[in-house]
Amino acid sequence: MLALLRLPTATFARSFPRRPTRLTTPALCRASHTQNLVEKIVQQYAVDLPEGYKVKSGDYVTIQPEHVLTHDNTGAVIPKFNTIGATQFRSPRQPVFALDHDVQNKTEKNLTKYAKIESFAHQHGIDFYPAGRGIGHQIMIEEGYAFPSTLTVASDSHSNMYGGVGCLGTPVVRTDAASIWATGRTWWQVPPVVKVELRGSLPTGVTGKDVIVTLCGLFNRDEVLNTAIEFHGSGIRELGVEDRLAIANMTTEWGALVGLFPADEVTVAWLKSRVRRLELEHLAHPNPNFAPTPPGHFFTHPRVNDRRIDALVSDPLRAEDGASYAKHLVLDLSTLSPHVSGPNSVKIATSLAKLEAQEVKIHKAYLVSCVNSRAGDIRQAAEVMRGRKVKEGVEFYIAAASSEVQREVEESGDWGALVEAGARVLPAGCGPCIGLGTGLLQDGEVGISATNRNFKGRMGSLKALAYLASPAVVAASAIAGKIASPASLLNSSFSPTTSPTPAFSIVTTGEGASQAEAVKEDALPGFPDVISGELVFCHADNLNTDGIYPGKYTYVDDLGPEEMRKVVMENYDKEFAGLIKKSDILVGGFNFGSGSSREQAATALLSCGIPILLAGSFSDIFKRNSINNALLLLESARLVEDLRREVGTGALTTRTGWHAEIKAGEGIVKVTKADGKEVVYRVGRLGRSVQELWLAGGLEEWVKERL
């Protein structure tokens, strides 16, 4: 694999590293570059770099991550691993399997799938965590796979959460996971890095969830889209690890690829407490992935132990003075109040005080998911609910982030307080957060949840409304039967119902990676000179992967292309499948493909016979899935704006009557409009790297050829 490749701005935004290319002398003159924390961590995990080279935003590097997590989608990665011709894992200690998504599904088909994954793990000596142990991301934190100053990836979009403990976590896709299993490596482009400075201290009753909900609502114009976020400032010292995990987790919904806190004294204190807790856990519930402790020896966790903590303290990794950042955002924590996200969008954040005055009746409440169902979250909810009852007519669902968390809150009595109040217990896992299992929202219902994603239709019906809030607000709402503040129940423990205006600012530094000028390259033999077809327009911005390929089909691994074609865009426009034709060129809005990392969002569009997709901009992880599966992408904001102005946005999907001829290798899109007028749009070229992947039929075949 190519160790490092600087691609020009005009080249396609994401491409797979091709065979080693000679770097020019100017590209190597980077020893003076001052690195931010993201770049310093990547430097440690980038392989085969030229001597003395310092990694910078914009670089395409080959990385060898510390670990890679797959969950239920392991069942889909296994055949990819097999079809590329791999017979063994490059490093069995690198992957982690955790079954967590569809854990309520007790059908023979799902249980057989789970059994096959477990058998495959044992066959290859892979660390395996069965259904019921907990959500994979929580396990990665608890078991130290996500450790400060390391780089760990997951085939899931919420791997950003690892940044809460100072681990650079970022999502990859299923094909990448198979590549890592086989080779230990994959590719990554270091994103632009945004400095988010948190100042001051949170008022009483304001949580990490309120911080990230507020950030998503304040900076809701894609300020951090496809970037890596580094958190800085005096305010982070006031945030505990659980608050940091919640904030880092939802940087995914904010649009970022990384949400990284520094490893500081708060992190170290938490790690030391974990060492003691893990010793007790192992005595009562031995981890089957560990070798037995010899008689007469004390148990030492292989990843969370005093030796690693001492090394972290003695040699801390920090951003260098004068490090470069693409933007600098500032938020004063002391000006925050409890906020609620929604309905049906994380880009809408409303103060709890304002929303409470609207008397929003709810039908269901949820304390589940990887963002807010840890011990501290459950403790906050229990403080509100203790001695009270869930409102008649309201269903309140709870699931701990892991079995360890559940044991801890059972010991403290907090779990029992929720159950006694009328909570309905679900197994540790994802469940309703991703629209699977019991308790989904029905037509016309309103739900409030401590989860991280409230896209339309994600938690059930397309005709339902979903809000996001902190655990305490969710608990108070379940008691009141409407969106409510805990203030009325706990006079001294929570903020008053006033809502000060958050103080924030944006400083665009313009210090991101500078790209070399475009170099003209001839198309590879076999790559089409021209791609043509009618433009079909789906105008919506932020069209997420749930809209493109509904979550209820994501873990149906045997759904073929014809079946996928019938359900594509079902959550966005039920008419889409009947309108789209083979060889049509689909045009989307801005930030197309946001949301989860599901690969089928790309392959389902391919199943329709779409040869190339245009949009104002794309979500980064959707780009990755598309390139890895040989779906070509180009961005043209001007074309999208012209379509909106001249064709309109009256329908969700429109056959425009505009015909396009795309010379992708040259970066030219010639459009003949319905009235016969011709317009030429300049776009980024599809470079040789992307062409090479397309000719191979995608990453799987590319890796297979090289194995």
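On a 1 Å grid over the protein atoms alone, a cavity is a set of points where a 1.4 Å probe fits but cannot get out, whereas a pocket is an open set with protein on both sides within 12 Å along at least five of seven lines; lining residues have an atom within 4 Å of a point. The model is predicted, with local features requiring pLDDT of at least 70 and side-chain atom pairs pLDDT 80 or more, while totals for chains, interfaces and linings use all residues. Residues are numbered from 1 along each chain as its sequence is written, and side-chain values use heavy atoms, without hydrogens and water.

Nearest the centre of the largest cavity, among its 25 lining residues, are His 101, Asp 156, Ile 434, Arg 458 and Tyr 555. For the second largest pocket, the corresponding residues are Phe 455, Asn 542, Leu 543, Asn 544 and Ser 594, out of 38 in the lining.

| Space | Volume |
|---|---|
| Largest cavity | about 300 Å³ |
| Second largest pocket | about 690 Å³ |

Helices H3 (residues 74-83) and H6 (residues 174-183) pack at about 55°, with axes 9 Å apart; helices are DSSP runs (H or I, at least four residues) numbered from the N terminus, and axes are lines fitted to C-alpha atoms over the stretch in contact, with angles from 0 to 180 degrees between N-to-C directions.

Note on methods. Helices (H or I, at least four residues) and strands (E, at least two) are DSSP runs, numbered from the N terminus. Grid points are joined across faces, edges and corners, and a volume is the space filled by probe spheres set on the points.
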